[in-house]
Amino acid sequence: MNPITEEHHFAAIKKGLLEFAVLRVVGSGELYAADILTRLEKTEFATQGGTLYPLLSKLRREGWVNYEWQETSLGPPRKYYRLTSQGRNHLDTLDRYWKTIDRTLLELAS
Amino acid sequence: MHRILHASLNHNPYPIEEDAYAHLETYLAESAIALANYPDRDEILLDLEQAIADQCRRRQPPQATAITLQELSSALEEMGPVRIDEPDSKRINENVTSAAPILFQQISQGAWICGVCLGIARYLRIDVTLIRGFAAALLLFSGGTSLLFYGVLAGIVPYAEIDPNGPPVSRIPAKLREWIEYLRGNIARLTR
């Protein structure tokens, strides 16, 4: 499979997992949006601000992440995101579900 | 020579060249359309504005006075178009209010006899005391016919499931329910 069709075929999987990936990144500490983009940049989940900002807003509405305004040395205060306890539980559920899927796929191959 | 305008990004003024301003205006207008009907639309737009401002500043040389078209284009390319995932935007537009129909059932929890009156009260959304009072009056005036009617209802009206968080079932309703379910089981076996 050449890289272009590969990219095309995996787009749906990656799109579905982006939320999971963002929750994982936010779960690793207090981050602001640009930090999240940088963390994802070198992975399969590399994304853009145009996708991330609406997604963060959605995650906040679900009650999984929250933000805090923090002063910065340059420019206006920034929103620093972190997981809520509800978000932590949701991430644990996702982790378990992911392991189940992984196991199922392995079992189907045998 | 370039004309310099001021763009207000997340409530802060930024000097910007005229052609860059036009480009920025288009991007933000398209983003606003993409986010139409989206909750927190205005907040997301401010987030985007701030991110664009940060991106442009990073691209500007130290002595620069205004954002150029080249800097802005490169910043917007990095931002990418606003995308929201479909199920989420759909869910917001639908106003899901599915009310389950109220079933006529006997309610054992909190019942005095079989739970027929409780069932009627729930079905009609009336206080159960009124139903019980009415049933008692009916018993007095009908001379036993209503008792027969109660028996028929107790026999045929299905039972509501026991809610583990609900009130306990008293001894009489529990015993009666046991008998009725036993009878129903036997009848069902005979008619099969």
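# Reading helix packing and a chain contact

Guide: Start in chain B. The axes of helix H6 (residues 128–142) of chain B and helix H7 (residues 145–156) of chain B come within 7 Å and cross at roughly 130°. This is a predicted model: local features need pLDDT of at least 70, side-chain atom pairs count only at pLDDT 80 or more, and totals for chains, interfaces and linings use all residues. Residues are numbered from 1 along each chain as its sequence is written, while chains are lettered from A and ligands numbered from 1 in the order in which they are written.

Visitor: How is a pair of packed helices described?

Guide: Two packed helices are described by the angle between their axes and the distance between the axes. Axes are lines fitted to C-alpha atoms, for helices over the stretch in contact, and angles run from 0 to 180 degrees between N-to-C directions. Under 35 degrees is roughly parallel, over 145 roughly antiparallel, 65 to 115 roughly perpendicular, and the rest oblique. At roughly 130°, H6(B) is therefore oblique to H7(B).

Visitor: Which residues make the contact of H6(B) with H7(B)?

Guide: Two residues are in contact if their C-beta atoms, placed from the backbone, lie within 7 Å. H6(B) brings B:Ala135, B:Leu138, B:Leu139 and B:Ser142. H7(B) brings B:Thr145, B:Ser146 and B:Leu147.

Visitor: How do they sort by class?

Guide: Ala, Val, Leu, Ile, Met, Phe, Trp, Tyr, Cys and Pro count as nonpolar, Asp, Glu, Lys and Arg as charged, and the others, Gly among them, as polar. The contact of H6(B) with H7(B) has four nonpolar, three polar and no charged residues.

Visitor: What elements does chain A have?

Guide: Helices (H or I, at least four residues) and strands (E, at least two) are DSSP runs, numbered from the N terminus. Chain A has four helices and three strands. Their order from the N terminus is α-β-α-α-β-β-α.

Visitor: At what angle do H2 and H3 of chain A pack?

Guide: About 120°, with the axes of helix H2 (residues 33–41) of chain A and helix H3 (residues 49–61) of chain A 11 Å apart. So H2(A) is oblique to H3(A). A:Ala33, A:Ile36 and A:Leu37 of H2(A) meet A:Gly49, A:Leu52, A:Tyr53 and A:Leu56 of H3(A). By class, that contact has six nonpolar, one polar and no charged residues.

Visitor: How many residues does each chain give to the contact between chains A and B?

Guide: Chain B gives 21 residues and chain A gives 13 residues. On the side of chain B that touches chain A, H2(B) supplies the largest share, seven residues. By class, this side of chain B has ten nonpolar, four polar and seven charged residues.
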